[in-house]
Amino acid sequence: MGLLGLGVCTLVVFAAAGCGSFRMGRGGESAMLVAMSDEDAGTRREALVRVAESRDHAADWAVSGYTAIALLDDDPQTRCVAIRALAATCDPTAAQTFLVILTHESHPLTKVRPPTAPVRWEAAEALADCVNAGDVPEELRTHTREALIAILDGDPDKGVRLAGADGLGAYAGDVVVVDALIRGLADADFAVAHACENSLVRLTGVTQHCDARAWRKWRSEHGDDLFAHVGETPESR
């Protein structure tokens, strides 16, 4: 079960996931070995929590373990715990892991197990937090933008779309993002539409109160000065 459910040993999984080396040891490192190999998902999660709460929670071996589990564990809850633990490290490789999960269709099963809705939600929220905090490497910003737009446009889970809308608010001066958020205002769930409105206000300094038609009209009339009021807070808000 767990990572071993894919039919490979723990150390090979690290290599396949591109996660570096793993050193056997005591304390947190031993807990990580349990998290990667125990047959019981609950035991694996408990071990992950012990690592995440340890003083070595952001050590290279810990980041490698979180990454492998987030990508490949066969238990969705365990993957969610690993994603949270990885996000808390603020490691520069974290955004790449979240991207792989959210774009799993483009990767082989040996690299990432198809995620359930809760796993996608955790990954989307973690990626949104990364981009909002400026923790996405420059070379991944465009890829991240494309992934966030894709989930806002088409993910079936409301929470995932919410996270997509929130993360897109970090793309200052990006016309493609503005257009994606305006499309998102038509979402069937008002919470998603409201998140799109919030990000549009953040990017433009303008509000249209979640009115998609008004935003489209404003967009057509202000094509050359979409960002003229960025940083301002609309009086009505």
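1. Let's begin with a pair of helices. The crossing of helix 8 and helix 10 is left-handed. Keep in mind as you look that this is a predicted model. The axes of helix 8 (residues 141-154) and helix 10 (residues 175-184) come within 10 Å, and they cross at roughly 15 degrees. Angles under 35 degrees count as roughly parallel, and helix 8 and helix 10 are therefore roughly parallel to each other.

2. Which residues make this contact? On helix 8 they are Arg145, Ile149, Leu152 and Asp153, and on helix 10 they are Val176, Val177, Ala180, Leu181 and Arg183. Sorted by class, the contact of helix 8 with helix 10 holds six nonpolar and three charged residues, with no polar ones.

3. Helix 8 has another partner to look at. Helix 7 (residues 117-133) packs with helix 8 at an angle of about 135 degrees, and their axes are 11 Å apart. That angle makes helix 7 oblique to helix 8. In handedness, helix 7 passes helix 8 in a left-handed crossing. The residues that touch are Ala124, Leu127 and Val131 from helix 7, together with Arg141, Thr144, Leu148 and Ile151 from helix 8. Five of the residues in the contact of helix 7 with helix 8 are nonpolar, one is polar and one is charged.

4. Helix 4 brings Val63, Tyr66, Thr67, Ile69, Ala70 and Leu71 to the contact, while helix 5 brings Thr78, Arg79, Ala82, Ile83, Ala85, Leu86 and Thr89. The contact of helix 4 with helix 5 divides into nine nonpolar residues, three polar and one charged.

5. How much space lies in the second largest pocket? The value is about 190 Å³. Its lining consists of Ile101, Leu102, Thr103, His104, Glu105, Pro115, Arg120, Ala147, Ala150, Ile151, Gly154 and Asp155. By class, the lining of the second largest pocket has six nonpolar, three polar and three charged residues.

6. Where does that lining come from? Helix 6 (94-102) and helix 8 each supply at least two residues of the lining of the second largest pocket. The largest share, four residues, comes from helix 8.

7. Finally, two backbone details are worth a look. Cys90 has a phi near 55 degrees, a positive value in a residue other than glycine. You can find Cys90 in the loop between helix 5 (76-89) and helix 6. His209 is not a glycine either, yet its phi is positive, at about 55 degrees. Look for His209 in the loop between helix 11 (190-204) and helix 12 (212-221).

Notes:
Residues are numbered from 1 along each chain as its sequence is written. This is a predicted model: local features need pLDDT of at least 70, side-chain atom pairs count only at pLDDT 80 or more; totals for chains, interfaces and linings use all residues. Side-chain values use heavy atoms; hydrogens and water are left out. Axes are lines fitted to C-alpha atoms, for helices over the stretch in contact, and angles run from 0 to 180 degrees between N-to-C directions. Angles under 35 degrees count as roughly parallel, over 145 as roughly antiparallel, 65 to 115 as roughly perpendicular and the rest as oblique. A crossing is left-handed if the near helix is turned anticlockwise from the far one by less than a right angle, and right-handed if clockwise. Contact means heavy atoms within 4.5 Å. Ala, Val, Leu, Ile, Met, Phe, Trp, Tyr, Cys and Pro count as nonpolar, Asp, Glu, Lys and Arg as charged, and the others, Gly among them, as polar. On a 1 Å grid over the protein atoms alone, a cavity is a set of points where a 1.4 Å probe fits but cannot get out, and a pocket is an open set with protein on both sides within 12 Å along at least five of seven lines; lining residues have an atom within 4 Å of a point. Grid points are joined across faces, edges and corners, and a volume is the space filled by probe spheres set on the points.
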